Amino acid sequence: MIEPIFKYFEEIDSTNLEAKREGEAGAPEFTVISAGTQTAGRGRSGHTWISPKKISVATSMLLYPDGIPMEHLPRLTIIAGVAVAEAVEELYPLKTQIKWPNDVLIDSKKICGILTEMEAENGHAKQVVCGIGVNVHQKKEDFAPEIRDMATSLDLEMSGQQASRKAITEAIWQHFLKHYEVFRTNGGSLEGILDSYNSRLANNNKRVRVVHQIHDFEGIALEMDPNGRLLIKKDDGTITAVDSGEVHVRGLYGYA
C-alpha cells in the first residue's frame, strides 16, 4: 500500500499552489499538503473556495501519473469524489451521494469541492495536483446566503457530534490511493470504482436536463460508465453517453 507524505501548514495561500511548488522542487509523489486555512483557495471554473480558519479540510496531493494517458487524467476528480464519500461513511454515521461527476452530497447538500490541475510538457503530464476541500465544522451562518440551502458540513449533519479534520484528511487519501493504484494499473479506466460510485449516484433514475453547446435535451440518468460518462436514456428510448467536459447535467427537481 502506498503511504502518503503529509505536510501541514497553519496558513497558506493554496494547498494546490504549494503542492505545485513542492513538485517543481522535486518532492516525491504522494506528497500531501494540508492547511488550517487558505488565503487564496480556488475551486472549479475560477471560483474561490473559502477556507475559514480551522473549520474545513483543505488538502492536495502531488502525483506523477506515468503510464496514464493525459486524456484520462481528468477522471482523477471522480476518484477523489469516491474517496471523500467512502472516508465520510467509514468514519461517521452518514450516508453520502455523488452528483455526477464529482459533487459529494449529504442529504442532497454539497459537502466538498475538488480541483485537479495538470502541468504538461512535450505532450505528457509532468505532474498532477488533486485538491480537495471538505466542509467540517461550518455552521449554517458560515455559508453565504445564496448557498445555504445547497451546502452543509459534517458537524451540521451529525447534530452535535464533532468530526475530526485530521481523521477525514487521512481517510480520504487512504481511499484515494487504494483506487489510484487500480486506476493506474488499468491505464486510466474507472472500472475499479464503478460499483462504489454508481451505488451512490444521486442522479440515478432521475430526470435531468443535459445542457450542450449545440442542443439541450432531457432524459433519465442511469449510471456512470468506465470512461466517466453519464448514461442518459432519452425520451425516444435511445441511450447516450455524455462527457463532463462537454456538457452540464441539471436535475429538474432539486440540486441533483
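The legends below accompany close-up views of a predicted model.

View 1. Five strands, taken in the order 1-2-3-8-7, make up an open sheet whose pairing is mixed. Strand 1 and strand 7 (112–121) stand at the edges with a single partner strand each, so one side of each has no neighbour in the sheet. From one strand to the next in this sheet, the twist averages 20 degrees. At one end of the order, strand 7 and strand 8 (residues 124–135) are joined by 10 bridges in the antiparallel sense, and M118 is found opposite V128 of strand 8. Strands of a sheet pair through backbone hydrogen bonds, in either a parallel or an antiparallel manner.

**View 2. Helix 2 across the sheet, and the largest nonpolar core.** Helix 2 lies across strand 3, strand 7 and strand 8, and its direction makes an angle of about 150 degrees with strand 7. The largest nonpolar core comprises 59 residues, and L154 and F176 are the ones with the most contacts inside it. Helix 2 (residues 76–91) is the element that gives the most to this core, contributing 10 residues. Once neighbours within four places in sequence are set aside, the residues in contact with L154 are V88, Y92, L94, I106, I111, N135, V136, A163 and I168. Another core, which lies apart from the largest one, has 7 residues, including I12, A19, A27 and L62. In soluble globular proteins, nonpolar side chains tend to be buried together.

**View 3. The hairpin of strands 4 and 5.** Strand 4 and strand 5 form a hairpin, with 3 residues lying between the two strands. Strand 4 (residues 96–99) runs antiparallel to strand 5 (residues 103–106), and the two are joined by 4 bridges.

View 4. Strand 13 is joined to strand 9 (residues 207–212) by 5 bridges, the two strands running antiparallel, and V249 in strand 13 is the bridge partner of V210.

**View 5. The second largest pocket.** This pocket holds about 200 Å³ of space, and its lining consists of F6, K7, Y8, S34, A35, S56, V57, A58, R165, K166, T169 and E170. Two or more lining residues come from each of strand 1 (5–12), strand 2 (31–38), strand 3 (56–63) and helix 4 (165–185). Helix 4 provides the largest share of the lining, with 4 residues.

View 6. Counting cavities of 30 Å³ or more gives 1, and the volume of the largest cavity is about 40 Å³. The residues that line the largest cavity are I79, H179, V182, F183, S189, L190, G192 and I193. As with the second largest pocket, the largest share of the lining of this cavity comes from helix 4, which here supplies 3 residues. Rolling a probe the size of a water molecule over the atoms shows where empty space remains.

Technical notes
Residues are numbered from 1 along each chain as its sequence is written. This is a predicted model: local features need pLDDT of at least 70, side-chain atom pairs count only at pLDDT 80 or more; totals for chains, interfaces and linings use all residues. Side-chain values use heavy atoms; hydrogens and water are left out. Two strands pair if DSSP finds at least two bridges between them. A nonpolar core is a set of buried Ala, Val, Leu, Ile, Met, Phe, Trp, Tyr and Cys residues joined through side-chain atoms within 4.5 Å. Buried means under 20% relative accessible area, exposed over 50%, partly exposed in between (1.4 Å probe, protein chains only). Contact means heavy atoms within 4.5 Å. On a 1 Å grid over the protein atoms alone, a cavity is a set of points where a 1.4 Å probe fits but cannot get out, and a pocket is an open set with protein on both sides within 12 Å along at least five of seven lines; lining residues have an atom within 4 Å of a point. Grid points are joined across faces, edges and corners, and a volume is the space filled by probe spheres set on the points. Axes are lines fitted to C-alpha atoms, for helices over the stretch in contact, and angles run from 0 to 180 degrees between N-to-C directions.
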